[in-house]
Amino acid sequence: MEIHWQMLVLLLVATRTLAIVDLRRQKEVSTSSGQAPTDEVNSRSQDNLMLFFEVTKPIELPKEKPCSVQLLHHDFGLTYGLPPVLVEYTPPPNCQKNWTKVVMEWKATCKGRQYDRIAGVWLSGVEILRTCTAEPTKNGIEWIIHKDITKFSSLLDKPQILEVQLNNVVDKTYTGVYHVNITFHFYGDYGKKGLDNPGFADLILPISLPSSQIGGAWFQIENSTDVQSKSLQLPPNAYKAVLEIFVSFHQDDEFWYSNPPNVYIEANNLTGTAGNGPFREVVALIDGVLVGAVWPFPVVHTGGINPLFWRPVTGIGSFDLPSYEIEVTPFLGKLLDGKEHTFGFSVTNALDVWFIDANLHLWLDENSSSAIRGQLIGHEEPNLEFSLVSNFEGLDGSFRTSANRRISSCGWVESSHGKLITHTSQEFKYGNLMTFQKNGDVQIVQQTIATNRKVIVEATTGIVLSSKVDAFFPLYLNVADVNEGNGTSMSIANISNAFNRDVSIVAPTGSFFSSLNNTQNAEGYMIIKNNLVQSGLGSTQEIYNYLSTEGCYSREVSVSNYTFLSDSADTFCGNTS
């Protein structure tokens, strides 16, 4: 797919530092909050709980009724600093052992006043969900997440430890307790798998920080020099390896895309302003060698920018934060030597704090009578192309930030499937133009992130797999903060955020493609006093379009002041030529 490097316009109209500083959440209170929780703004009184949701394509399910098992029922009150909740998981004896689909259901309710909180779910250290809680109302809310976890089936057919981390604070001001239920729904039988349809990984190894007992926890990246890592010994019969990385950003870097360069902060003696510029990159390392990178989608948490935007429609990716894959099969020739190898992560230009962990998905050759052989043929990781051009005087001026990177690898693995050569490449492009006007009261940022990932697998008979993933993340933000005195301020904002991704897979058995275009627009205002929202209004519109060889789904939603103006969905594909 040809990528058009469109430029996004991000407009921040603010007092000298209010728009930048006030977007940061309270470090000691919340791990993912952009603004203070509302003090029951424009909430409609009703007997039933208000249902909050993230617009996404429904999971396609088999027709038969699932076998369902509730694994967790827990009330997360004052849990800040406490160990995660651990539950023993045993494959349900009353369900079929083999499944076509396994769906995890996260169902939660909350009532009162509370910040948004980051949460995670692991199976024996393997993260299966990263999520942000919704901010509640006085009358109470409910939200439900359905996530397809079929790819973790190699874990689900054995006893595991289910772990849930949700740090929450409850006191006289923040009264909301999160009541969480987690249920697994099991459907049908497995489909067949083969060389050109490898199915799901046979083994998944956690690359996470061990908790105080068993399970996993996030690595915390606190600055640009911080590298967090874990050593693993791989089984000798692995013939395919994919790294799945989970990422979320908080505190000083929750709104990294709006951070000004340090030269501007230092020249103007600004205090309390998060800096290091607007570019961030998550780097994946194996034994100190850069093997891949993630340029993340800018998820806006449910308390970000203006909490009233995300009621009841939440921000893209906020309930189910995206994970990112890096093919590391070319490196198996170095990893299958029976020794431990170090998998590490860092974040370019990071400020405190990034939560990162990963899962290493491995496909095993059960027919191999000896250790699989392999060799890394080539690996290129040129230095990041980065430039910053500054032109400013006092609080006014402009900063143009550009970045490009390309990473490529090639290696072969010989197993009972034959000798396979895997070629991988990642390409990234980033642009950001930030301008300050009117003595720093106006901030304008234009930014784009575009990525391209390719994997080609060759056998002696020719290409057996070719896949390509293109992603494009545009963002527009306009915020005006005015200090009205007496601890009161007004914030007027609008935001446009989009997640676009095209996937193409070609194999001897057939081909698959999909195209997702998900765009969200929101606008409104709020009056804040003593760090609490006193009044305000939020309106949100979202257009979601998914097209693939297996079907289509579209939905358009418009809400204002908690009220649905329109909501329509369709599965008609239309003209796909």
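Which residue in β26 does Gly485 stand opposite? Gly485 faces Thr488 there, and that pair is a handy place to start the tour. What you are looking at is a predicted model, in which local features need pLDDT of at least 70, side-chain atom pairs count only at pLDDT 80 or more, and totals for chains, interfaces and linings use all residues. Residues are numbered from 1 along each chain as its sequence is written, and side-chain values use heavy atoms, with hydrogens and water left out.

Let's stay with the strands for a moment. Strands here are DSSP runs (E, at least two residues), numbered from the N terminus, and two of them pair if DSSP finds at least two bridges between them. Strand β25 (residues 462-485) runs antiparallel to strand β26 (residues 488-507), with 17 bridges holding the pairing. Two residues sit between these strands in their hairpin, and Asn486 takes a positive phi near 55° there. Follow β26 onward and another hairpin, again through two residues, joins β26 to β27. This antiparallel pairing of β26 with strand β27 (residues 510-529) counts 20 bridges, and within it Ser504 stands opposite Phe513.

Now for the inside. A nonpolar core is a set of buried Ala, Val, Leu, Ile, Met, Phe, Trp, Tyr and Cys residues joined through side-chain atoms within 4.5 Å; buried means under 20% relative accessible area, exposed over 50%, and partly exposed in between (1.4 Å probe, protein chains only). The largest core has 129 residues, and those touching the most other members are Trp106, Trp143, Phe184, Leu243 and Leu360. Strand β14 (residues 238-249) is the top contributor to this core, giving eight residues. There is also a second, separate core of eight residues, with Tyr264, Ile265, Phe399 and Met434 among them.

Take a look at Leu243 and its contacts (heavy atoms within 4.5 Å). Leaving out residues up to four places away in sequence, Leu243 touches, among others, Ile207, Ala284, Phe343, Phe345 and Leu360.

Glu244 also has its place in β14. Is Glu244 buried or exposed? With a relative accessible area of 1%, Glu244 is buried. Its side chain makes polar contacts, meaning pairs of N or O atoms within 3.5 Å (within protein, one must be able to donate a hydrogen and the other to accept it, and residues adjacent in sequence count only if both atoms are side-chain atoms). One partner is the side chain of Lys151, at 2.8 Å, and another is the side chain of His361, at 2.9 Å.

Ile316 lies in the one between β16 (289-294) and β17, and Ile316 counts as buried because its relative accessibility is 6%. Ile316 and Gln520 are 204 residues apart along the chain, yet their C-alpha atoms are separated by 7.5 Å. Beyond its neighbours within four places in sequence, Ile316 is in contact with residues including Glu54, Phe297, Asn497, Phe499 and Gln520.

Asn561 is found between β29 (551-560) and β30 (563-570), and at 28% relative accessibility Asn561 counts as partly exposed.

Conventions: Helix = DSSP H or I, 4+ residues; strand = E, 2+ residues; numbered from the N terminus.
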